[in-house]
Amino acid sequence: MIVSRQPQGMPQPDLEPHFAYLLRLGDDNLILAQRLGEWISRGPDLEEDIALANIALDHLGVARNLLTHAGEVEGRGRDEDALAMRRTEREFLNLILCEQPNGDFAQTMARQFFIDAWHVPLWEALSASTDVTLAGIAQKALKEARYHLRHSSTWVVRLGDGTEESHRRMQAAVDRMWRYTGEMFIGDHVEAAVAETGIGVDPISLRPAWDRTVADVLSEAGLQRPDDDYVRTGGRVGFHGEHLGHLLAEMQWMERTYPGLRW
Amino acid sequence: MDGTDLSGAQMVITVEDVVPVVASVADPELPFVTIEELGILRGVDVDDMGGVIVTVTPTYSGCPATEVIRDSILEALRRAGHHRAEVRTVFSPPWTTDDITPEGRRKLEAHAIAPPRRLLGLDHPILCPRCRSASTSLLSEFGSTACKALRVCDSCGEPFDHFKEL
C-alpha cells in the first residue's frame, strides 16, 4: 500500500502548468547541483572531488537552461537569476530528495543514484517533447545523465559489495533516501496538463525503467530494496523539509545582501 | 574596416566575410582548437541590415566556457568591424564528439589529449598520445574539465587526458 501525505495548511500557488513543470525540473537540478557543490574540497579523493564538481556543473547547466526557458514561458521578464536567487523557500518546487543533506559519501551516492536512474528515462521521454526547447535541453541532458548513472551505479555496487563497514553504510543510505523516491512518480494537475499537450510526461510511466535499474544495481551490490512504501511528498508544491531553507540561505545570500550585484 | 569604404558608401557584408572571423575563434579551455574544429559552430548568417547572427551549441549543459566563447565571438567580430552581432545558442541536435573535425582531433592528440573515438568505434582502444600504446587504463571518469577523463598509459606510465566520447 502506498501511503502519501500531502501537507495541509498553505495555499498552493496557482501556477500555469507549463511554467510550473519547467520550474519543477529546473529546481531539481539547481538544488542538487548546490548540494553536490558542497563536496568541493571535501571529496574522499581528488578524482572523486573533481567528479562531483563536474556532475554538479552538469546539473547546474541543465537548471540554468530550464529556468531561463521557464522565465520565457512565464513572460514576466524573470531570467534564470531572478528565478534562482529571488524566490523564497515555499516557491521552490524541487523533489524533497534533491535537498537531502549530503551525509556521508554513501548517502550522497544513494541520492544521486536514485535521481540518475529517474533522469535517464525522464530525459528520454522529454527528448520528444512538443516544447522544442525543452526537447533540446532533454536531448543534451540525457547524454550527461547516462554518464552520471554509470558513475553513481559503480559507487553503489562498490560500497554495497565492499567491506562490512561500507556495506552497512550503503544499505543505511538506501534505507534513508528510500522514502523520498516515491515523489518522483506522483503527478498532479501540472503533470496531467503537460502530459496532455505532449510538453511533459506522466511521471508514473517512468517507474518501470527506474524499478528495473534500481533492482539490477541493488542486486549486484548485494543490497536490500526497502519494502517500506511510505512516500514523503510536498516538494512539488513548495512544502519542503527543514533543510532547504538553510541551503537557500547559503545559495542566495550574495544576491539578497547586494541585490542585482554583478561582477 | 568599419562598414564603409573610402567613398563613404555602405559596404555589403556577406557571410563569406564573417565566417573566417568567427570560425577562427579559439576554445578557451583548449586554445589550440577553434570552435569550428570543435564542431560547436552551427551557423553564421548576415541579416538585411548587416547584422551578424552566429549560432553555437554547447558541449556540455554546464560548460563554463560557453559564455567565454560567446564573448570571444563578439570580440572577434568587433575587431573585424562588425559591431552589430548576436550569438544564439541551440541545444538540438545535441553536440556529439563525432562533430570534432579530423583537424581538431589531430590537434588534440598533438597536445597530448587522446581524441574521442567515433561513437560507432567504441571497441577501438584509446591510444596513449605520447607513445601510442594501446594498453591504457582509466584513472578517473572525470578529469580536468567536464569533457575529459583521466587515464594512464600502461606502457610508458604517462598519465593523460582523454576527451570522452559523448
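Biologist: In this predicted model, is A:Glu124 buried, exposed or partly exposed?

Modeller: A:Glu124 has 17 other C-beta atoms within 10 Å. A buried residue would need 20 or more, and an exposed one 12 or fewer. The count for A:Glu124 lies in between, so the residue is partly exposed.

Biologist: In which helix of chain A does A:Glu124 lie, and how far is its C-alpha from that of A:Ala138?

Modeller: A:Glu124 belongs to helix α5 of chain A. Along the sequence, A:Glu124 and A:Ala138 are 14 residues apart. In space, the C-alpha to C-alpha distance between the two is 7.2 Å.

Biologist: Helices α6(A) and α7(A) pack with their axes 7 Å apart; which term describes their relative orientation?

Modeller: Helix α6 of chain A covers residues 132-160, and helix α7 of chain A covers residues 164-178. They pack at an angle of about 130°. Roughly perpendicular ends at 115 degrees and roughly antiparallel begins over 145, so α6(A) is, relative to α7(A), oblique.

Biologist: Which residues of α7(A) make the contact with α6(A)?

Modeller: On the α6(A) side, the contact is made by A:Val156, A:Leu159 and A:Gly160. The residues of this contact, from both helices, comprise three nonpolar, three polar and one charged. From α7(A), the contributors are A:Ser166, A:His167, A:Arg169 and A:Met170.

Biologist: What span should the 15 residues of α7(A) have, and how far apart are its end C-alpha atoms?

Modeller: The expected span follows from 1.5 Å a residue, taken over one less than the number of residues. For the 15 residues of α7(A), this gives 21 Å. The expectation agrees with the distance between the end C-alpha atoms, which is 21 Å.

Biologist: Which elements are included in what covers the buried residues of α7(A)?

Modeller: The buried residues of α7(A) are A:Arg169, A:Met170, A:Gln171, A:Ala173, A:Val174, A:Met177 and A:Trp178. Their cover includes, from chain A, α4 (96-99), α5 (105-126), α6 and α9 (207-221).

Biologist: In chain B, which strands are the edge strands of the open sheet of four strands?

Modeller: The order of this sheet is β4-β7-β6-β5, with mixed pairing. Strand β4(B) is joined by two bridges to β7(B), residues 159-163, and the two run parallel. Each edge strand pairs on one side only, and these strands are β4 (113-114) and β5 (136-140) of chain B.

Biologist: How do the residues of chain B that touch chain A divide by type?

Modeller: The contact involves 17 residues of chain B and 20 residues of chain A. On the chain B side, the division is 11 nonpolar, five polar and one charged.

Technical notes:
Residues are numbered from 1 along each chain as its sequence is written. Chains are lettered from A and ligands numbered from 1 in the order in which they are written. This is a predicted model: local features need pLDDT of at least 70, side-chain atom pairs count only at pLDDT 80 or more; totals for chains, interfaces and linings use all residues. Two strands pair if DSSP finds at least two bridges between them. Axes are lines fitted to C-alpha atoms, for helices over the stretch in contact, and angles run from 0 to 180 degrees between N-to-C directions. Angles under 35 degrees count as roughly parallel, over 145 as roughly antiparallel, 65 to 115 as roughly perpendicular and the rest as oblique. Two residues are in contact if their C-beta atoms, placed from the backbone, lie within 7 Å. Ala, Val, Leu, Ile, Met, Phe, Trp, Tyr, Cys and Pro count as nonpolar, Asp, Glu, Lys and Arg as charged, and the others, Gly among them, as polar.
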